[in-house]
Amino acid sequence: MRRQNACSPTSEETVTPEQQDPSTLAYRWRDGGLQTIAHPHTLALEDLHGIDRQKAALLANTQQFVAGHPSNHALLTGARGTGKSSLVKAMLHRFADEGLRLVAVPPHDLVALPDIVAPLRDRAERFLIYVDDFSVTPGDRALMELKTALDGGIEEPAENVLIYATSNRRHLMPEHQSENEAYRMVDEELHPGETTEEKISLSERFGLWLSFPPFEQQQYLQLVDHHLQALGSKMDEAAREAALRWALQRASRSGRVAAQFARDWVGRRAIESREKS
């Protein structure tokens, strides 16, 4: 991945289109402007385990986008801590040297999407609009702006901008019991209610839809082993039993939980070893 040169911003600051440095890898939208991220968090694809299918699909789509070929907006949904956000960040690590840049946009700021895209449109770089933990409510203005950006309004979509969104909700909106009551039979076919239709219509606007199911126990333990090795330790029976208890206490066997356990385990072993010596 390309490193920022000496001319790149050394601290986070709001920049105008004219001030944007091509070597800046990542921005965030805040307070009505693009702010540079001096130290973007990136991950290597090789460090992501248990999501090979999702990794291959998003890698191919991003490679098409960076090369200027047709590609799709992507929606990554599923269980928390299963690598959705990490996979998007890994795209920046993989393609930064080929001109890929990341713009993090909070979900509530999607109402400003036209203003966010405007200064990016004529640049040579390729920009991923990264919307993390996305969820909206019916009637939300952000919902309308996102629909316009995904499907196109009266303004032609920017050819060098793609949206990658992650969500713990399959259809991006809360699910309510009342929506099941809105289903109706038409000519012996079951049809969803208006609210459900709105949810599905939004999620279907993403051409690439990747699902991240919860990890099985063996997958979780493999991730623990990977993180332990990365920290200079190894999996033994004591670590295995402790890792399972750790996951049980958190009611989750995710990649995030595996990494948290590994840091705690290695850190505590280091302190214990120092105290014994």
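**Note on the predicted fold**

1. Aspartate 133 is partly exposed, with a relative accessible area of 49%. The cut-offs are under 20% for buried and over 50% for exposed, with partly exposed in between (1.4 Å probe, protein chains only). Aspartate 133 sits in the loop that runs from β6 (126–131) to α4 (141–151). Its phi is near 55°, a positive value in a residue other than glycine.

2. Basis of the model. This is a predicted model, in which local features need pLDDT of at least 70 and side-chain atom pairs count only at pLDDT 80 or more, while totals for chains, interfaces and linings use all residues. Residues are numbered from 1 along each chain as its sequence is written, and side-chain values use heavy atoms, with hydrogens and water left out.

3. Confidence. Mean pLDDT (the predictor's confidence in each residue, from 0 to 100) is 83 for the protein chain, and 78% of its residues reach 70 or more. Two stretches need care. Over residues 3–10 pLDDT stays under 50, and the model has 15 contacts for them beyond four places in sequence. Over residues 176–183 pLDDT also stays under 50, with 13 such contacts. A contact here means heavy atoms within 4.5 Å. Where pLDDT is low, the predicted coordinates should not be read in detail.

4. Overall make-up. The protein chain has 9 helices and 10 strands. These are DSSP runs, numbered from the N terminus: helices are H or I with at least four residues, strands are E with at least two. Buried residues make up 44% of the 277 in the chain. Among contacts between residues at least 6 apart in sequence, 74% join residues at least 24 apart.

5. Cores. The largest nonpolar core holds 44 residues, of which Leu58, Met91 and Tyr220 touch the most other members. Such a core is a set of buried Ala, Val, Leu, Ile, Met, Phe, Trp, Tyr and Cys residues joined through side-chain atoms within 4.5 Å. Leaving out residues up to four places away in sequence, Met91 touches Leu45, Leu58, Leu59, Thr62, Leu100, Leu128 and Tyr164. Apart from this core lies another, of 25 residues, among them Leu75, Val103, Val131 and Leu202.

6. α7 on α9. Helix α7 (residues 217–230) packs on α9 at an angle of about 45°, with the axes 8 Å apart. Axes are lines fitted to C-alpha atoms, for helices over the stretch in contact, and angles run from 0 to 180 degrees between N-to-C directions. That makes α7 oblique to α9. Under 35 degrees would count as roughly parallel, over 145 as roughly antiparallel and 65 to 115 as roughly perpendicular; the rest is oblique. The crossing is right-handed, that is, the near helix is turned clockwise from the far one by less than a right angle. Tyr220, Leu223, Val224, His227 and Leu228 are the α7 residues that meet α9.

7. α8 on α9. The axes of α8 and α9 come within 10 Å and cross at roughly 130°. That makes α8 oblique to α9. This crossing is right-handed. On the α8 side, the residues include Ala238, Ala242, Trp246 and Arg250; they face α9 residues including Val257, Phe261 and Trp265.

8. Alanine 251 lies in the loop between α8 (237–250) and α9 (255–276). Its phi is positive, about 55°, although it is not a glycine. Alanine 251 is exposed, at 67% relative accessible area. Threonine 24, in the loop between β1 (14–15) and β2 (26–30), is buried, at 1%.
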